[in-house]
Amino acid sequence: GGGLLFNYTAIKDVQKTTTIGANLLVNYYPIEKLYTTLEFAEMHVNRNMEIFNTKDEFWDSALFVGAGYQITPKISVGGKFNVLYDKDKSVYSSPFVPFVNISF
């Protein structure tokens, strides 16, 4: 499947970040209750660091590999790891991202 991404984060008088992008993902259940995912995301990031009076605008790519537990047929929880993570260039603060997946 695929999707569109949008995120706006603000900390008053410190930082404002807007992220817009798209992703492609594949979900697979190798055994009952085990949810696995592979996701590629391409994001345009606009970050204004008011505390340092700096502005950044860049593209960020992420390739996530993850797994989770299927609580119900429509809800899974787990974590995914960004194999393209670069601490100096990524919009994410960590290569590991927990998730809750709700299917409909």
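Is E50 buried, partly exposed or exposed? E50 is partly exposed, with a relative accessible area of 32%. Here buried means under 20% relative accessible area, exposed means over 50%, and partly exposed lies in between (1.4 Å probe, protein chains only).

The structure is a predicted model, in which local features need pLDDT of at least 70, side-chain atom pairs count only at pLDDT 80 or more, and totals for chains, interfaces and linings use all residues. Residues are numbered from 1 along each chain as its sequence is written, and side-chain values use heavy atoms, with hydrogens and water left out.

The protein chain holds zero helices and six strands. Helices (H or I, at least four residues) and strands (E, at least two) are DSSP runs, numbered from the N terminus. From the N terminus on, the elements read β-β-β-β-β-β. The C-alpha trace spans about 50 × 25 × 20 Å along its principal axes. Of the 104 residues, 26% count as buried.

The six strands form an open sheet in the order β1-β2-β3-β4-β5-β6, with antiparallel pairing. Two strands pair if DSSP finds at least two bridges between them. β1 and β6 stand at the edges with a single partner strand each, so one side of each is left without a neighbour in the sheet. The twist averages 30 degrees from one strand to the next. For this angle, axes are lines fitted to C-alpha atoms (for helices over the stretch in contact), and values run from 0 to 180 degrees between N-to-C directions.

Pairing was examined strand by strand. β3 and β4 run antiparallel over 16 bridges. E39 has F64 in β4 as its bridge partner. The two strands form a hairpin with four residues between them. In that turn, N53 has a positive phi of about 55 degrees. Eight bridges join β4 to β5, again in the antiparallel sense. G66 has K80 in β5 as its bridge partner. A hairpin through two residues joins β4 to β5. Strand β5 (residues 75-82) pairs with β6 over seven bridges, also antiparallel. V77 stands opposite V100 in β6.

The loop between β5 and β6 contains V91. V91 is partly exposed, at a relative accessible area of 24%.

A search of the whole structure finds three salt bridges. A salt bridge is a side-chain nitrogen of Lys or Arg within 4 Å of a carboxyl oxygen of Asp or Glu. K16 and E50 form one of them, at 3.6 Å from N to O. This pair links distant parts of the chain: K16 lies in strand β2, E50 in the loop between β3 and β4 (54-72), 34 residues apart. K16 is partly exposed, at 39% relative accessibility.

K80 and E39 form another salt bridge, with the closest N and O atoms 2.7 Å apart. K80 lies in strand β5 and E39 in strand β3, so the pair ties together parts that are 41 residues apart in sequence. K80 is buried at 15% relative accessibility, and E39 is buried at 9%. D56 and R47 also meet through their side chains, at 3.7 Å from N to O. D56 is partly exposed at 32%, whereas R47 is buried at 17%.

The largest pocket holds about 690 Å³ of space. A pocket is defined on a 1 Å grid over the protein atoms alone: an open set of points with protein on both sides within 12 Å along at least five of seven lines, where a 1.4 Å probe fits. Grid points are joined across faces, edges and corners, and the volume is the space filled by probe spheres set on the points. Lining residues have an atom within 4 Å of a point.

The lining of the largest pocket comprises 31 residues, of which L5, N23, E39, K80 and Y92 lie nearest its centre. β1 (2-11), β2 (15-31), β3 (34-49) and β6 (96-102) each supply at least two lining residues. β1 gives the most, with seven. By class, the lining has 14 nonpolar, 14 polar and three charged residues. Ala, Val, Leu, Ile, Met, Phe, Trp, Tyr, Cys and Pro count as nonpolar, Asp, Glu, Lys and Arg as charged, and the others, Gly among them, as polar.
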